Amino acid sequence: MIIDSHEHVMLPTASQIQKMDDAGVDKTILFPTTPHVEKAADGTLDAMEREMQVLYRLLSGRYAPEERIEAMKQSILEVKQAIAFAPNRLYGFGAVPLGLSEGAAADWLETQIIQNRFRGLGEFTPGSEQQVAQLEPILRAAADYHRLPVWVHTFHPVSLDGMKVLMELCRSYSSVPVIFGHMGGTNWMEVIAFAKQNPNAYLDLSAAFTSLSVKTALVEVPERCLFGSDAPFGEPKLTRQLIEFVSPSKQVAKRALGENIAELLRL
């Protein structure tokens with residue numbers, strides 16, 4: 001079974017299902033999204049800039065806390081509606097605000113994640129080392145509550161220093177699976193080395209900095225590599241083909257393309 005472990009909600013949902021069919025993807029894990037870049041269908045810079053301004057505003061911290069929480073609740077609703085459209089093919093991860101206390105994080109997990117039957121937490125998009133550190137109450141709540149996987153964006157603007165903060169948190173909460181989204185970007189070698197030593201670290205293969213990083217990850221930690229396309233920012237078909245092309249064996253490709261995430265999420 002082919003499972004895309006990381007796509008964002010695309011509207012209308014029928015178009016997302018069609019993209020899955022075109023790539024031969026059986027099931028997809030959906031994540032909330034702030035910008036709907038699929039709306040920039042003409043591919044022009046102006047159209048893309050309009051959609052991405054929402055994300056830039058988020059990363060720069062220009063949302064008021066109440067505004068950010070309301071936006072997250074709306075994005076969670078979009079995930080729920082998409083899953084309802086194709087419940088046999090779609091699962092969900094749910095957004096959680098950074099900066100919550102441990103008690104508030106536990107409450108959010110209960111009302112927004114567990115009650116919606118989501119399979120994990122994320123995507124978190126920290127814009128600084130300080131924001132990476134704000135993941136600690138969430139990891140603590142995940143450890144105490146349900147040991148839900150936590151998916152963290154680790155490409156730009158996350159720096160190597162920010163990555164080191166995340167790695168330390170990963171060590172401290174070793175019962176919580178931490179998915180290093182985009183495998184650290186330009187810091188992919190450090191992330192793969194870390195994953196070799198820490199069994200709760202998983203590697204998302206979407207938005208790879210180089211095909212060499214995907215090949216190395218599949219060789220070094222084949223049991224914790226996860227096929228993800230990051231659609232609509234990436235293409236499921238192309239990401240699948242990359243994994244199949246650089247994989248050291250068909251069995252390793254099979255694990256990365258579906259078996260690993262199925263085991264992690266008990267699908």
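Colleague: What makes the contact between Glu263 and Arg255 a salt bridge?

Modeller: The closest N and O atoms of Glu263 and Arg255 are 3.3 Å apart. A salt bridge is a side-chain nitrogen of Lys or Arg within 4 Å of a carboxyl oxygen of Asp or Glu, so the pair Glu263 and Arg255 qualifies. This is a predicted model, in which local features need pLDDT of at least 70, side-chain atom pairs count only at pLDDT 80 or more, and totals for chains, interfaces and linings use all residues. Residues are numbered from 1 along each chain as its sequence is written, and side-chain values use heavy atoms, with hydrogens and water left out.

Colleague: Why is Glu263 called exposed?

Modeller: Its relative accessible area is 51%. Buried means under 20%, exposed over 50%, and partly exposed in between (1.4 Å probe, protein chains only); Glu263 is therefore exposed.

Colleague: Why do Lys254 and Glu259 count as partly exposed?

Modeller: Lys254 has a relative accessible area of 47%, and Glu259 has 22% relative accessibility. Both values therefore belong to the partly exposed class.

Colleague: What makes Glu244 and Arg240 a salt bridge?

Modeller: The closest N and O atoms of Glu244 and Arg240 are 2.9 Å apart, so this pair also meets the definition. The structure holds 11 salt bridges.
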